[in-house]
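This report goes through selected packing and pairing features of one protein chain. The sequence and the coordinates are shown first.

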Amino acid sequence: MEIATHPDFEGHEMVLYCTDETTGLRAFIAIHDTTLGLGMGGCRMRAYGSDAEALSDVLRLSRGMTYKYAASGLEHGGAKAVIIDDLDASKRNERLLAFGRIVQKLGGLYTTAEDAGISTADVRLMSSTTEHIRNLPLEDGGEGALCTAWGVFHGIQAALEFRGLPHLSGRTVAVEGLGKVGMALCELLNSAGADLIVCDLDEQKVRVAQQKFGATAASSGQIHSTEADVYSPCALGGTLSENTIPEIQAKIIAGAANNQLHSPLQDKLLWERGVTYCPDYIVNAGGVLSVAPKGAQFNLAEALARVKTIHDTTRNVLAFSEVEGIPTGVAAECFARRRLKG
């Protein structure tokens, strides 16, 4: 695989292909830009269809982390890792430990954390082989998911205000993906009086949302086209494509999923259709904003206060887009690049 000519390569400082013969580990670590600080970003574990698919994912995710930190005012470099899951559960822990040893060899160039397919417990296991782990709550009580959901919630509120719809009460939000973040977001939206449409591949999660929040179920692959005020992608990325965008009826898109655009070109398509797209790395930054300063213990109230700033950041990006007459994704990148350039 040619990395430098890869369509998702954007001046990445370092891309590592990591293997461990004993455990069968195969992983990528990508460090995109360390202008603001050493690389930090979660580790994702998925059964990728190929190494090329995993490479594309880690390149896009690490680039997104650079912009997320820059737009959020944090002093970290953009980085990410993906472990290629071969679905052999018997060696899963050994592979995680092997990955931790590789991170340790980097000497702090990359600090890892949880992401899709990796739990807080998994990261704690890695911490036995590497010290380069993002600060974690003392117990896994869902604080990380709540903080991410809290940020998306405030991003949605900011977008509604921008569109002249200041109240969530009575608004319909279509939430795609009912993992920890998606379910926490549903609870916040329900408490604010929003009506929910939900979908997930796990039918049990859909039933829980129906029972707890009075949600309406939608078919997987169709929720983007439902009649709603807000479409909130909270599963895996790539749902906004040239095929799905013409079917979107929502006025606003704001969700927790990374890399929601199938390609950057879709940003312009949404803008031309008059859809207010809130770039993913702007509204899903709650996880990184919630991290306690180095040496300090995690405090949920303080974390939620930091995450709430996503409201103003979202409003600033949307306003900049409007003033400059550019798509919101372009506006968000300009917003982040200004900080990267000082």
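Which residues does L196 touch, not counting residues up to four places away in sequence? In this predicted model, the contacts of L196 are V173, V175, C186, L189, N190, F213, A215 and T216.

**Nonpolar cores**

L196 belongs to the largest nonpolar core, which has 56 residues. I156, V175, L189, L196 and V198 are the residues with the most contacts inside this core. With seven residues, helix α4 (residues 143-162) gives the most to it.

| Residue | Element | Relative accessible area |
|---|---|---|
| I29 | strand β2 (residues 25-33) | 0% |
| T66 | helix α1 (residues 51-72) | 2% |

I29 counts as buried because its relative accessibility is 0%, where the cut-off for buried is under 20%. With residues up to four places away in sequence left out, I29 touches M14, V15, L16 and C18, as well as K80 and A81. The contacts of I29 also include F99, I102, V103, L106 and Y110. Although I29 and T111 are 82 residues apart along the chain, their C-alpha atoms are separated by 10 Å.

T66 is also buried, at 2% relative accessible area. Leaving out residues up to four places away in sequence, T66 touches H32, D33, G78 and L340. For G78 there is a polar pairing as well: a polar atom of the T66 side chain lies 3.5 Å from the backbone nitrogen of G78.

For β12, the pairing with strand β11 (residues 252-253) is in the parallel sense and runs over two bridges. The bridge partner of I253 is Y277, in β12. In general, strands of a sheet pair through backbone hydrogen bonds, in either a parallel or an antiparallel sense.

Note on methods. Residues numbered from 1 in each chain as written. Predicted model: local features only at pLDDT ≥ 70, side-chain atom pairs only at ≥ 80, totals over all residues. Heavy atoms only, no water. Core = buried A, V, L, I, M, F, W, Y, C linked by side-chain atoms within 4.5 Å. Buried < 20%, exposed > 50% of the residue type's maximum accessible area, 1.4 Å probe, protein only. Helix = DSSP H or I, 4+ residues; strand = E, 2+ residues; numbered from the N terminus. Contact = heavy atoms within 4.5 Å. Polar contact = N/O pair within 3.5 Å; in protein donor to acceptor, adjacent residues only side chain to side chain. Pairing = 2+ DSSP bridges.
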